[in-house]
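Let's take a walk through this structure together. Have the sequence and the 3D view side by side as you read.

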Amino acid sequence: MTIPFDHSWARDLPGTYLRQPLAVAPAPRYAQLNRDLARALGLDADALAAHPEWFAGQPPSGADPIALAYAGHQFGNFSPQLGDGRAHLLGELVTPMGRVDIALKGSGRTAFSRGGDGKAALGPMLREYLVSEAMAALGIPTTRSLAVVATGETILRQEGPLPGAILVRVAASHLRVGSFEFFAARGETDKLRALLAFAIARHDPDLAPDDALGFFDRVAARQVRLVAEWMGLGFVHGVMNTDNMALSGETIDYGPCAFIDAYDPGAVFSSIDRQGRYRLENQPHVLAWNLARLAEALLPLLPEGEATIAALNDRLAAIAPAHEAAFQAVMARKLGLAVPNPELVAGFLAAAQGLDWTRTLRDLAEGGPGVSPGLRDWHGAWQAARRPEADLRAVNPAVIPRNHLVEEALTAATAGDMAPFEALLAACRAPFGPAPERFTLPPPSGFGRYVTFCGT
Ligand code: AMP
Ligand code: MG
């Protein structure tokens, strides 16, 4: 068997990528292979299992490794020239799940690497594998992880020498807000137009290929829904730069992300997010800000004049209310309300401060006796408002990839013991339980403040 790659990106979008060599791994072997996902993609899992080198520098024939160029606003500052500094798109697959990109992360230096080595460490790649699989099981749009291949190489990071690895990522596409910013910044309107037609063909084929406003609306709707789902789960993406916002509406780039334990609207985990720009409560505002950057990048494709400005302004003004409505719908689902009830949700959020977010909602869903004292007043109002027949266990997970468990699993994996990772992965793949208690409990009191790193 080989992998029947197609290459529409390389064919249709000249100027958005460079053909770049892959680094050849000295001793590749799978640290993880997602057989279920392989089958869902129509691939022969046994054939993949026999060929870890396919994803570690020696791809099967038919691959055409390219590094994608893009721009992006990072922490609010514009960089006109970013790009895959340690990633390659091998090609696309037309699958029962639709057309997907098969891409590598940690696959070697490219023209976009700047000072970096183009490599990735095993811990961060397993982290993306775990959290993206958890998100998929939770029903949240996300890129998927097909495999993590340990390269057999040792790479140097601040913490010292670490085992190297490559993640095999499956994405509806790697188009991002920053892809449009790239050509907009260069004033290359013809290429911008081609990019729009490509993006529409890929994600919204019912639209006319030049319908920039229609495409904006679709992207906005997908992202609004996505961020509302994140907020319902207490998921902090951590690095919502415009180059990390996918036009497909999938969660992408799991570097410094984390789930909250105790509910804190100001929760921030990333070591580099010192101002808290990407803190939990700010994600909806960043969403609107990023969509404004997309609107600006689409401007050259729209008729000049006040009507266009008014149309875009109306759309941007609608993002915050749309997010609020989507979040209320998420919470109504989680609380079993027949209709959204912002007042009841506000009461919950006020009373839940400092309580374990996931556990508190799960306890409500399980209807046990343990209502924490802070929630008692609210609980009566909720009982009166909720639909008693709704099974809330199906929408309030027992298991999320909790920070202390993720750390424990990655520490063991880096030392060569995959057992804790496998156990946590299995629990995260069945998040709505029932689950062994150790996967559902808040962190031990000594766990302290959790800090994440981009893993670069
Ligand atoms: P990421 O966290 O993977 O999104 O990385 C952010 C940016 O830095 C992307 O443009 C990456 O391509 C680049 N980058 C991250 N780590 C490395 C590395 N080890 N070598 C080269 N480029 C990197
Ligand atoms: Mg990125």
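A word on the ground rules. This is a predicted model, so local features need pLDDT of at least 70 and side-chain atom pairs count only at pLDDT 80 or more, while totals for chains, interfaces and linings use all residues. Residues are numbered from 1 along each chain as its sequence is written, chains are lettered from A and ligands numbered from 1 in the order in which they are written, and side-chain values use heavy atoms, with hydrogens and water left out.

Let's begin with the ligands. Around ligand 1 you'll find 14 residues, and the closest are Gly 83, Gly 85, Asp 117, Gly 118 and Asp 253; to be near the ligand, a residue needs a heavy atom within 4 Å of it.

Gly 118 uses a backbone N or O atom, 2.8 Å from a nitrogen atom of ligand 1. Arg 86 brings a polar side-chain atom to 3.1 Å from an oxygen atom of the ligand, and a side-chain N or O atom of Lys 105 sits 3.5 Å from an oxygen atom of ligand 1. On its own, ligand 1 has 480 Å² of accessible area, and the protein covers 84% of that. Such areas come from the Shrake-Rupley method with a 1.4 Å probe, and for residues only the protein chains shown count as cover.

Asp 253 turns up again at ligand 2, the magnesium ion, where Asn 244 (OD1) and Asp 253 (OD) coordinate the metal at 2.0 to 2.3 Å. Donors here are N, O and S atoms within 2.8 Å of the metal (3.2 Å for Na, K and Ca), and water is not among the atoms, so sites may look incomplete. Asn 244 and Asp 253 are both buried, where buried means under 20% relative accessible area, exposed over 50%, and partly exposed in between (1.4 Å probe, protein chains only).

Next, find helix 12 (residues 357-366), which is mostly covered, with seven of its 10 residues buried. Helices (H or I, at least four residues) and strands (E, at least two) are DSSP runs, numbered from the N terminus. What lies over the buried residues of helix 12? The cover includes helix 7 (212-233), helix 10 (319-335), helix 11 (342-352) and helix 13 (376-385). Among the buried residues are Trp 357, Leu 361 and Arg 362. Just after the helix, Gly 367 has a positive phi of about 65°.

Now for some buried spots elsewhere. Gly 72 belongs to strand 4 (residues 72-74) and has a relative accessible area of 0%, so it's buried. Its contacts (heavy atoms within 4.5 Å) beyond four places in sequence include Phe 78, Glu 181 and Thr 242. Thr 242 also touches Asn 290, a buried residue at 1% relative accessible area in helix 8 (residues 283-298). Over in strand 7 (residues 98-105) you'll see Val 100, which is buried at 5% relative accessibility.

Most residues other than glycine have a negative phi, and most peptide bonds are trans. Phe 75 isn't a glycine, yet its phi is positive, about 50°; Phe 75 sits in the loop between strand 4 and strand 5 (77-79) and is partly exposed at 25%. Arg 114 also has a positive phi of about 50°, and this residue is exposed at 61% relative accessibility. Finally, the peptide bond from Gly 433 to Pro 434 is cis, with omega near 0°, and Pro 434 falls in the segment after helix 15 (419-428).

Conventions
Polar contact = N/O pair within 3.5 Å; in protein donor to acceptor, adjacent residues only side chain to side chain.
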